Amino acid sequence: MGHRITTLLLLVGITFAAIALVPRVRGLRMPGNFQGFEPQQPIAYSHRLHAGELAIDCQYCHAGAERSRHAGIPAASVCMNCHRLVTASRSTVRAEELAAEAEGRPATRVIAPELAKLYSALGLGDDLEPDADRASQPIAWARIHQLPDFAVFDHRPHVGADVECQRCHGPIETMERVRQVESLSMGWCLDCHRDPAGAGLGVGATPASIDCVACHY
Ligand code: HEC
Ligand code: HEC
Ligand code: HEC
Ligand code: HEC
Ligand code: HEC
């Protein structure tokens, strides 16, 4: 009995919300709007370098986007696929080689300060081998894009419909530090769902769901 009343009240609430909101969602901004949010990260990881200049595929690091709700942030072990060998930029390594040659000594390994943070998070010593005195701990990346709990976003249907990452996240491959480009407001979701062709998804794009329960459950 109590459950039914709760359900009924919820339905009434949703109906009122629908009447009140739907015609106005376009201009609506929530107090928690994080458009432009660009937090400092624990390691100065650059998408401009990795996804831009080095052209590493987004899904090499964010493979979750295709198979789960969340795109996911790569584990430090993914970074180590390259950074076990690459310990500093090529120009820094080259400069050390030239200096060593001029001074008639063997070149030493250069470790860029930002990569030293990666090695330390993995509990590695200066020789890049596990160091018993250093505990490994996950890198505390600051979360940037985040919807409130009452709205659900799933990457899968979007990746499946060939909506490009950049459509919703902006030109990530040009960013030294990731910034939230879009508002992520309900009006923003609905604009594209109602008229995906207008949102630039190509003339054949079929409208996506605008049912409340598609995104609120
Ligand atoms: C080599 C690994 C790597 C590649 C390649 C990569 N990313 Fe990332 N991405 C990360 C890491 C690490 C973070 C967390 C730190 C940060 O925000 O910069 C991140 C963060 C993000 C975020 C912000 C997550 C949040 O908290 O909201 C988005 C969006 C994103 N990446 C999209 C992309 C897109 C789009 C591409 C391809 C153009 C891409 N990434 C390529 C490693 C990668
Ligand atoms: C596919 C290879 C690859 C992967 C994977 C990769 N990197 Fe890199 N990264 C590079 C290369 C190559 C450079 C050096 C580019 C240059 O010469 O300037 C670099 C440079 C860097 C630098 C700059 C170092 C400096 O000189 O200051 C940082 C920091 C960095 N990477 C962090 C990361 C992190 C964190 C991850 C994992 C999320 C990661 N990288 C994953 C290839 C990779
Ligand atoms: C239709 C819009 C849209 C597209 C396309 C999209 N994203 Fe997202 N992305 C979002 C939204 C919205 C969030 C916040 C989700 C939440 O809070 O649950 C998000 C969150 C993220 C995050 C951080 C949280 C997580 O899910 O792990 C990463 C990383 C990310 N996206 C990467 C990508 C990559 C890479 C692609 C392309 C393969 C992509 N996104 C495509 C809208 C999109
Ligand atoms: C740039 C366009 C675009 C934006 C922005 C966008 N979507 Fe979508 N969405 C799509 C497309 C295209 C589909 C796939 C429709 C299909 O498979 O026919 C989809 C599918 C979905 C689905 C699965 C239901 C369905 O109709 O297939 C959900 C749930 C969803 N989106 C939620 C969201 C949420 C939540 C946001 C905002 C945070 C959002 N979307 C933003 C284009 C977009
Ligand atoms: C395509 C996805 C989607 C659909 C469909 C959708 N919503 Fe939302 N809704 C969202 C997102 C995302 C937010 C969070 C927006 C924010 O954080 O600013 C939201 C927020 C809300 C809020 C809080 C106030 C606001 O506007 O931010 C209410 C109330 C709401 N939705 C009701 C509804 C009702 C009622 C329906 C059906 C008529 C509906 N929603 C359909 C995605 C959707």
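Predicted model: local features only at pLDDT ≥ 70, side-chain atom pairs only at ≥ 80, totals over all residues.
The six donor atoms around the iron atom of ligand 3 subtend angles of 88 to 179°, which makes the arrangement octahedral. The protein contributes His155 and His169 as donors, each through its NE2 atom, at 2.0 to 2.1 Å from the iron. His155 belongs to helix α8 (residues 155-160) and His169 to helix α9 (residues 165-169), so the pair ties together parts that are 14 residues apart in sequence. His169 has a relative accessibility of 22% and therefore counts as partly exposed, since buried would require a value under 20%.

Attention now turns to ligand 2. This ligand is surrounded by 17 residues, and the closest are His50, Cys79, Cys82, His83 and Arg90. By type, the shell holds 12 nonpolar residues, three polar ones and two charged ones. Three helices, α2 (47-53), α5 (76-83) and α7 (113-121), each supply at least two residues of this shell. Of the contributors, α5 gives the most, with four residues.

Some individual contacts can be picked out as well. In the side chain of His50, an N or O atom is found 2.8 Å from a nitrogen atom of ligand 2. For the side chain of His83, the corresponding distance from an N or O atom to a nitrogen atom of ligand 2 is 2.7 Å. Ser89 takes part through its backbone: an N or O atom there lies 3.3 Å from an oxygen atom of ligand 2.

Conventions:
Residues numbered from 1 in each chain as written. Chains lettered and ligands numbered in written order. Heavy atoms only, no water. Near = heavy atom within 4 Å. Polar contact = N/O pair within 3.5 Å; in protein donor to acceptor, adjacent residues only side chain to side chain. Nonpolar A, V, L, I, M, F, W, Y, C, P; charged D, E, K, R; others polar. Donors = N, O, S within 2.8 Å, 3.2 Å for Na, K, Ca; no water. Tetrahedral: all angles 85-135°; square planar, octahedral: opposite > 155°, others 65-115°. Buried < 20%, exposed > 50% of the residue type's maximum accessible area, 1.4 Å probe, protein only.
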